Amino acid sequence: MSMVDSRPHSPHVDRVFWMPVPDQQVPASDGTVEGAGVRAGTRHAFWGRRWDGQEAEVRTVCGVVVNLDESSPLDWITMPECGPCRTEILRVRGEMRS
Ligand SMILES: [Zn+2]
């Protein structure tokens, strides 16, 4: 006989999506763009199915409130995955199973 699943329904941790977030979201004072569209940043995780494209300010899984914007395919290639986000996802999901 298997254990009864008595977990509370927590839809916000069932799904996660990743989005590249540029490090510096402060526009350069002179308005110039450095490089050929390459931006430094981090791919953070967010609870939910996907970004609805409406909400600009979103909290990352690792607890930072960021402004999401349309990301370029280059951002996905150049920005490394956020370690704290990955750790937090594993921690929360681990707790759900215990
Ligand atoms: Zn993060």
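Visitor: Is Phe17 buried or exposed?

Guide: A residue is buried if 20 or more other C-beta atoms lie within 10 Å of its own, exposed if 12 or fewer, and partly exposed in between, with C-beta atoms placed from the backbone. Phe17 has 12 C-beta neighbours inside 10 Å, so Phe17 counts as exposed. This is a predicted model, in which local features need pLDDT of at least 70 and side-chain atom pairs count only at pLDDT 80 or more, while totals for chains, interfaces and linings use all residues. Residues are numbered from 1 along each chain as its sequence is written.

Visitor: Which residues does Phe17 touch, not counting residues up to four places away in sequence?

Guide: Two residues are in contact if their C-beta atoms, placed from the backbone, lie within 7 Å. With that sequence limit, Phe17 touches Phe46, Gly48, Arg49, Arg50 and Trp51. Thr60 is 43 residues from Phe17 in sequence, and their C-alpha atoms are 9.9 Å apart.

Visitor: In what order do the elements of the chain run?

Guide: Helices (H or I, at least four residues) and strands (E, at least two) are DSSP runs, numbered from the N terminus. Here the order is α-β-β-β-β-α-α, giving three helices and four strands. Phe17 belongs to strand β1, residues 16-22. Arg59 lies in strand β3, residues 57-59, and is exposed, with 12 other C-beta atoms within 10 Å.

Visitor: Which residues make up the largest nonpolar core?

Guide: A nonpolar core is a set of buried Ala, Val, Leu, Ile, Met, Phe, Trp, Tyr and Cys residues joined through C-beta atoms within 7 Å. The largest one has six residues: Met19, Val21, Phe46, Val61, Cys82 and Cys85. Leaving out residues up to four places away in sequence, Phe46 touches Val16, Phe17, Met19, Trp51, Val58, Thr60 and Val61. Across the chain of 98 residues, 13% are buried.

Visitor: Why does α3 lie largely in the open?

Guide: Of its 15 residues, the number buried is one, so α3 lies largely in the open. The expected span of a helix is 1.5 Å times one less than its number of residues. Helix α3 (residues 83-97) reaches 21 Å from its first C-alpha to its last, close to the 21 Å expected. Met96 is in this helix, and counts as exposed with 12 C-beta neighbours inside 10 Å. Its C-alpha is 9.2 Å from that of Val13, 83 residues away along the chain.

Visitor: Where in the chain is confidence lowest, and where highest?

Guide: pLDDT is the predictor's confidence in each residue, from 0 to 100. The mean is lowest in helix α1 (residues 11-14), at 68, and highest in strand β2 (residues 41-47), at 95. The chain averages 80, and 72% of the residues score at least 70. Where pLDDT is low, the predicted coordinates should not be read in detail.
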